[in-house]
Amino acid sequence: MPDKPSYLGLLNAIAVAEARAHEYLTAWIEVTPSSDVCAVLRTVAAREGEHGMAFAKRVDELGFQVRVKEDPEHARRMEIARSDRSDLEKMKAFGLHKVDTGNKPDVFDDFFKDHSIDIWTGELLGRYIAEERDTARLLRGCYQQLKAAAGGDASAAADDRLDAIESKIDAVCRAVDELRQIVCAQSMPTATS
Ligand SMILES: [Fe+2]
């Protein structure tokens, strides 16, 4: 058995998660009434399925085998995907309305902290990360359109209010931090005093 790379667990986790995402997105594609949503889901599902296979292939090339653990959450996702809930409700149920759009620190930023990653795995991970961030932008755009189409829907309005409150809280936090820095700077003894 070859030496186990420190990043084998990461490759395994990606292979499993992506294959499962492909499965529930494909089930959703089969029931969505919207051709626009279908087009986005088709692009994303193709990526997820390819990622699942590519990472399983890499694990195999390294001399190991993908291990799949039972996940009750996956069965729940499949049920939601096949259900007659609206596309907007499904987006929310899967947390796809909150995905990072790639302009903030995200989970992928830490992947390359492991400097032992070999060249081919690094190449695969680099493409994977760029595609995942692009997927996040696609899904975010799709969610915004669904939300706008829901128009007068009370929950959409509530979401907008929450978003507005969140950005105000962020602004207050930034202001408090700036104030703290000013107070700290003023209370520091100067070289001449
Ligand atoms: Fe993914």
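## Close-up views of a helical model

**View A. Helices H1 and H3 cross in a right-handed sense.** A crossing is right-handed if the near helix is turned clockwise from the far one by less than a right angle, and left-handed if anticlockwise. The structure is a predicted model, in which local features need pLDDT of at least 70 and side-chain atom pairs count only at pLDDT 80 or more, while totals for chains, interfaces and linings use all residues. Residues are numbered from 1 along each chain, as its sequence is written. The axes of H1 (8–29) and H3 (residues 72–82) come within 7 Å and cross at roughly 20 degrees. H1 is therefore roughly parallel to H3. Axes are lines fitted to C-alpha atoms, for helices over the stretch in contact, with angles from 0 to 180 degrees between N-to-C directions; under 35 degrees counts as roughly parallel, over 145 as roughly antiparallel, 65 to 115 as roughly perpendicular and the rest as oblique. On the H1 side, Arg 20, Glu 23, Tyr 24, Ala 27 and Trp 28 meet His 74, Arg 77, Met 78, Ala 81 and Arg 82 of H3. Five nonpolar, one polar and four charged residues make up this contact of H1 with H3. Contact requires C-beta atoms, placed from the backbone, within 7 Å; Ala, Val, Leu, Ile, Met, Phe, Trp, Tyr, Cys and Pro count as nonpolar, Asp, Glu, Lys and Arg as charged, and the others, Gly among them, as polar.

**View B. The protein as a whole contains six helices and zero strands.** Along the sequence, the pattern reads α-α-α-α-α-α. Helices (H or I, at least four residues) and strands (E, at least two) are DSSP runs, numbered from the N terminus. The protein has 193 residues, of which 19% count as buried. A residue is buried if 20 or more other C-beta atoms lie within 10 Å of its own, exposed if 12 or fewer, and partly exposed in between, the C-beta atoms being placed from the backbone. Among contacts with a separation of 6 or more, 75% come from residues 24 or more positions apart.

**View C. Helix H2 passes helix H5 in a left-handed crossing.** The axes of H2 (residues 35–61) and H5 (residues 119–150) come within 10 Å and cross at roughly 160 degrees. The two helices are therefore roughly antiparallel to each other. H2 contributes Asp 36, Val 37, Val 40, Thr 43, Val 44, Arg 47, His 51, Ala 54 and Arg 58 to the contact, and H5 contributes Thr 121, Leu 124, Tyr 128, Glu 131, Thr 135, Leu 138, Leu 139, Cys 142 and Gln 145. By class, these residues divide into nine nonpolar, five polar and four charged.

**View D. H2 is a helix of 27 residues.** From its first C-alpha to its last, H2 reaches 38 Å, close to the 39 Å expected at 1.5 Å a residue; the expected span is 1.5 Å times one less than the number of residues. Its buried residues are Val 37, Val 40, Leu 41, Val 44, Arg 47, Glu 48, His 51, Gly 52, Phe 55, Ala 56, Arg 58 and Val 59. H1, H4 and H5 are among the elements that cover them. Just after H2, Gly 63 adopts a positive phi of about 100 degrees.

**View E. H5 is a helix of 32 residues.** H5 reaches 47 Å from first to last C-alpha, close to the expected 46 Å. Buried in H5 are Thr 121, Leu 125, Glu 132, Thr 135, Leu 139, Cys 142, Tyr 143 and Leu 146. The cover over these residues includes H1, H2 and H4 (87–93). Just after H5, Gly 151 takes a positive phi of about 45 degrees. Arg 127 also belongs to H5. Arg 127 is exposed because 12 other C-beta atoms lie within 10 Å.

**View F. Asp 100 and Asn 103 in the loop between H4 and H5.** Asp 100 has 15 other C-beta atoms within 10 Å and is therefore partly exposed. Not counting residues up to four places away in sequence, Asp 100 touches Asp 106 and Ala 136. Asp 100 and Arg 140 are 40 residues apart in sequence and 8.3 Å apart, C-alpha to C-alpha. Asn 103 lies in the loop between H4 and H5 as well. Asn 103 counts as exposed because it has 9 C-beta neighbours inside 10 Å. Its C-alpha is 9.0 Å from that of Arg 133, across a separation of 30 residues in sequence.

Conventions: Contact = placed C-beta atoms within 7 Å.
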